[in-house]
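Hello,

Here is the structure I promised to pass on. Please have a look, and my notes follow below.

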Amino acid sequence: MKKGYLAMRFSNILKNISYSLIANLFSLCVSVFMVSFVPKFLSINDYGIWQLFLFYYSYIGFFAFGLEDGIYLRYAGKNFNELDSKTMSGQYYIDLVFQVLISIAVTFYCGFFISDPAKRMALTCAIWLSPLAHLYGLSSIILQITNRIKNYAVMVFTERFVLFSVVCVLLYLGLNQFKYFYIAQCLSITTIAFIAAYYCRMFLVPRFYSLSETLCEAWRNIKVGIKLLCANISGMLMIGIVRYGISVGWNVATFGKVSLTLGISNFMMVFINALSVVFFPILKRMDETQRSDTYIKIRALLSLVLYTALFGYYPLKLILTWWLPKYRDSLVYMTILFPMCFFESKMGLLINTYLKSMRKETLMFAINTGCVVLSAITTFFTVGCLKNLNLTVLSIVCISAIRCLIAEYLLQNMLQISLLKGMITDVVIAVIFIVSGWYLKLQIAFLVYGIVYLLFVLTNWKKYKNLIQIMRS
C-alpha cells in the first residue's frame, strides 16, 4: 500500500514537472525568438525603449506590498477547495484597487518629474499593465501553492503563444516600432488575465467578509509577505541598480545592447523557474531529516547540468554574431554574463527554495540587502567615476556570485552539511570560463573549458555514478 502510494505520488510529481517544463520550454523558445528576431527588425533606439519598458515592467509585481507573497507563504500546501472563497475574494479586490491607484500616481509622477520622453513613455506603458498583471500574478500563485500546476502551465503557455503570434504578424506586416510591440504585450497580458479569472472564478465573485475583516486579512498577508517581497526586491535591485546605472551613464541604444546580452544569458533560468515552482510545495511537506541529504543530491546533479549548459555559449556566440552583426560589439559580454546564470540558477532552484520552505525570509532579505548596497557602491565607481562599461558588466556576475556563496555558506550551517569544496569548484570553473572566453579565440576557449569540464566529471565520476543508481532505484 505504502509503495503504491509513493509510486503514485512520484508519478504526480513527474507530471507536474513535465507540465511546468513543457510550458517553460515553449516560453524559452519564444524568448529565443524575441531575442533573435526583434533586435534585427527594430531600430537600435526602438529596441532600447522596448528593453527599458520590459525593465520597468519586471518591477510592477512588487506593488502588491507583500500581499501576494503573504498568501504564497501562509497558504502553501493547501488544496484549492480548502481556500475560503470570501477571504480570497477580498484579497483579489484589495489588490486590484491598489494597482489602479498606483497606476494613477505613477502617471502623474511621469508627467511632472521625467523629462526624457522615451523613459516617460516606457514607464507609463509598463505601469498601466499593472492591474491585469496582478490579476494574473495572484491567480498564478494560488494555482502553484495548491498544486494545480497543469492550470498554471496552461497560463504560461497561452501568454507566450499570444505574444509570439502577434509579434510574428507585426513583423510580417513590417510594423517594427515600439508602439506595436507594446500592443502585442497588452493583448497577451489581457488574454492571460481572462484565463486566470476563469480558473479562479470562485474567488472573483464580489462576495466577501466585512471591510474590517478583509483589511485585517490583507494586513496579515502583507506582514508575512513583506519580508519575502523585500528579499525579492533587493534580489532584483542587485542587478537592477547596475542596469539603471548603464541607462544613466550611457544612451538607450547601449542599454538595449547590454539588455540583449543579459536576455540571452538568462535562457537557462527558464528551466530553473519551472522546477522551483514544483519543488516549493514538496519541500514545505518534507520531513526536516530528509532536507540535508536531498540538498546534497540535487546540488550535485544541478552543478553537472549547469556546467554542461555553459557549452551552449560557444555555438550561440557564433550564430548570433552572424545573425545580429549590429550587436557584435555587445555580444562579447555573453562571456561574462553566462556564469551569472550559473549562480542565479542555484539561488533560484536550491537556496531560495530551501530558505523559503524553512521560513527564513528575514535572512534572505539581509543577504540581498547587503548585495544591493555592494551593487550601488560598485555602480557608483564603475559608472560615475571610471565610466567603464566592461567593469560595470563584470560587477553583475561578481555580485551574483558573492550572494550565492554567502547564502549557501549560511544554509550549509543550518542543514549541518559541508559544501566548501563544491563552492570553491564553482568559483574556479566560472573564472576559467570568463577569462578564457574574454582573452582567447572562441575555438581555443572552447577547448580550454572542455578540458576543465572533463577533469571535473572524471574527478566526481564515482559520486555521479552513485546518483544515477539511486535515481534508477
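A word on terms before the helices: axes are lines fitted to C-alpha atoms, for helices over the stretch in contact, and angles run from 0 to 180 degrees between N-to-C directions. Helices (H or I, at least four residues) are DSSP runs, numbered from the N terminus.

This is a predicted model, in which local features need pLDDT of at least 70, side-chain atom pairs count only at pLDDT 80 or more, and totals for chains, interfaces and linings use all residues. Residues are numbered from 1 along each chain as its sequence is written, and side-chain values use heavy atoms, with hydrogens and water left out.

The average pLDDT (the predictor's confidence in each residue, from 0 to 100) is 80, and 85% of the residues score at least 70. Over residues 4–8 pLDDT stays under 50. Where pLDDT is low, the predicted coordinates should not be read in detail.

Now the helix pair. H17 (residues 361–385) packs against H18 (residues 389–415) at about 160 degrees, with the axes 10 Å apart. The two are therefore roughly antiparallel (over 145 degrees). Among the residues in contact (heavy atoms within 4.5 Å), Leu363, Ile367 and Asn368 of H17 meet residues of H18 that include Leu391, Ile399 and Met414.

The C-alpha atoms of Ala231 and Asn368 are 6.1 Å apart, although 137 residues separate them along the chain. Ala231 is buried (under 20% relative accessible area), at 1%.

Best wishes

Technical notes: Parallel < 35°, antiparallel > 145°, perpendicular 65-115°, else oblique. Buried < 20%, exposed > 50% of the residue type's maximum accessible area, 1.4 Å probe, protein only.
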